[in-house]
Amino acid sequence: MEGEDGWAAPAASRKRKFALDDLNQDLLERVLSRLPTSVFFRLTSVCKRWKSVADSATFQLACSQIPSRDPWFFMVDSHLNQCVVFDSAERNWKTLNQPPLLHLNCNINSIPVAAHGGLICFRNPSGHYIVCNPVTGSSRQLPPPPQNQSLHAIAMNSSSTSDHSYKLVLVYGELSSLAFRIYNSNLNLWEEEIKLNRKAENSDNCFQTDLDDDDETVYFLSMTGNVVATNMQRSPSKQYSSVITRKDTGDEIVYFLSSSGTVVSCNLTGKLFFEYPKLLPVLSEYSIDIVESKGELLVVVLSEFLETASLRVWHFDEHMGSWRQIAAMPPAISHEFYGKKVDINCAAAGNQILICINSGEICRYILCDLEGNEWNELPQCIKEGEAKDFMSAFSFEPRIEASV
């Protein structure tokens, strides 16, 4: 190769081609561990050596050292018989094999209820839990929980280290007297029940609560002339909608929605709970869900006012003691939902929030990028020539190394 002045480029500067098969096993595993998960599985069909890498303990260790992966969204439809995901990196739909445990008669119609890291937790009709890695299909049925009281929240948290541990948190009891219990995967048991105390109203960052009155349903006349109850009706998969965060102080907090649509905060470390102030007046028509984004609680609300609909994302400002809007769907998009009586169910990963918008008339999936306040509709998911309708979604990272 010659330069512009006619000089010859040194041989060392010329590009050299080499085959991945020329790499030693350690280097090959490190290279493959950095590939997107979907790309890796496509490449495993190339040769037996690459396919065997997936089961290598050193390869899984290399995968665990990748800080994060682009999220997949596990979609939930009314039939609960398929594992369909949306790949946010490749922007397409994928169908995964359903974990074998979910094919057992006792686990048919199990619904996903929580997800974290590379794992998803399902709840079967008997109230037992199955934890799965949807990418590898590995699964594990947990011992039955010893509580029979009213269940409000199911939250999941997994370790970011290579020990593959995770825990499942159940919050239950009367809303005036809550308790929680944790499943410890390392010990394969449910820990002792811990009672939560209501945070005193004069404490810092505490707000006026009405938890004692939460079971009382208020009826009112809506703008469309219908009698509406304040008790929320949620899709089955989001009945126990909740998120778990870890504060800089080390406190672990579970947030869930009460039946009236208010956000309840349960500090597992401090053993305290309280209720946040309502976002909208009780007589406002709205659908609401909560998500966790970069360790913070966010609330997504679709409301109707002055013959239009708006969809906004809110964050609670602890210093001001009030809700602050951080993103809003363009009115030209949200107005379409006015009068459709839609229900929203959300899942978040990093700066992205996937919003499933459902009613008898409409079924849409919108991906919001919080950094740029960008709102993009996902393409339809076509299976066997028909568009599938999904009720909700759960976000997870496609991690081959995630162990149940």
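Q: Is Glu-377 buried, partly exposed or exposed?
A: The model is predicted, so local features need pLDDT of at least 70 and side-chain atom pairs count only at pLDDT 80 or more, while totals for chains, interfaces and linings use all residues. Residues are numbered from 1 along each chain as its sequence is written, and side-chain values use heavy atoms, with hydrogens and water left out. Buried means under 20% relative accessible area, exposed over 50%, and partly exposed in between (1.4 Å probe, protein chains only). Since the relative accessibility of Glu-377 is 42%, this residue counts as partly exposed.

Q: With which residue does Glu-377 form a salt bridge?
A: A salt bridge is a side-chain nitrogen of Lys or Arg within 4 Å of a carboxyl oxygen of Asp or Glu. For Glu-377 the closest N and O atoms of the pair are 2.6 Å apart, and the partner is Arg-364.

Q: Which strands hold Glu-377 and Arg-364?
A: Helices (H or I, at least four residues) and strands (E, at least two) are DSSP runs, numbered from the N terminus. The pair ties together parts that are 13 residues apart in sequence, because Glu-377 lies in strand β27 (residues 374–377) and Arg-364 in strand β26.

Q: Which other glutamate, in the loop between α5 and β24, pairs with Arg-364?
A: Arg-364 is buried, with a relative accessible area of 14%. A salt bridge joins Arg-364 to a glutamate at 2.6 Å between the closest N and O atoms, and that residue is Glu-336. This pair links distant parts of the chain, 28 residues apart, with Arg-364 in β26 (residues 363–369) and, in the loop between α5 (331–334) and β24 (343–349), Glu-336.

Q: In the salt bridge of Glu-397 with Arg-399, which residue is buried?
A: The closest N and O atoms of this pair are 2.9 Å apart. Glu-397 is partly exposed at 22% relative accessibility. The relative accessible area of 10% belongs to the buried residue, Arg-399.

Q: How many salt bridges does the structure hold?
A: Side chains of opposite charge can pair when their charged atoms come close. Some of these pairs join into a network, which links Arg-42, Asp-87, Glu-90 and Lys-94. The total number of salt bridges in the structure is 15.

Q: Which residues of α4 make the contact with α1?
A: The axes of helix α1 (residues 25–33) and helix α4 (residues 57–64) come within 9 Å and cross at roughly 40 degrees; axes are lines fitted to C-alpha atoms, for helices over the stretch in contact, and angles run from 0 to 180 degrees between N-to-C directions. Contact means heavy atoms within 4.5 Å. On the α1 side the contact is made by Glu-29, Leu-32 and Ser-33, and on the α4 side by Thr-58, Phe-59, Ala-62 and Cys-63.

Q: Which residues does Asp-369 touch, not counting those up to four places away in sequence?
A: Asp-369 is found in strand β26 and is partly exposed, with a relative accessible area of 27%. Its C-alpha atom is separated by 4.8 Å from that of Gln-352, 17 residues apart along the chain. Beyond the excluded neighbours, Asp-369 touches Asn-351 and Glu-374.

Q: How many helices and strands does the protein chain have?
A: Buried residues make up 49% of the 404 residues in the chain. Among contacts between residues at least 6 apart in sequence, 51% join residues at least 24 apart. The secondary structure of the chain comprises 5 helices and 30 strands.
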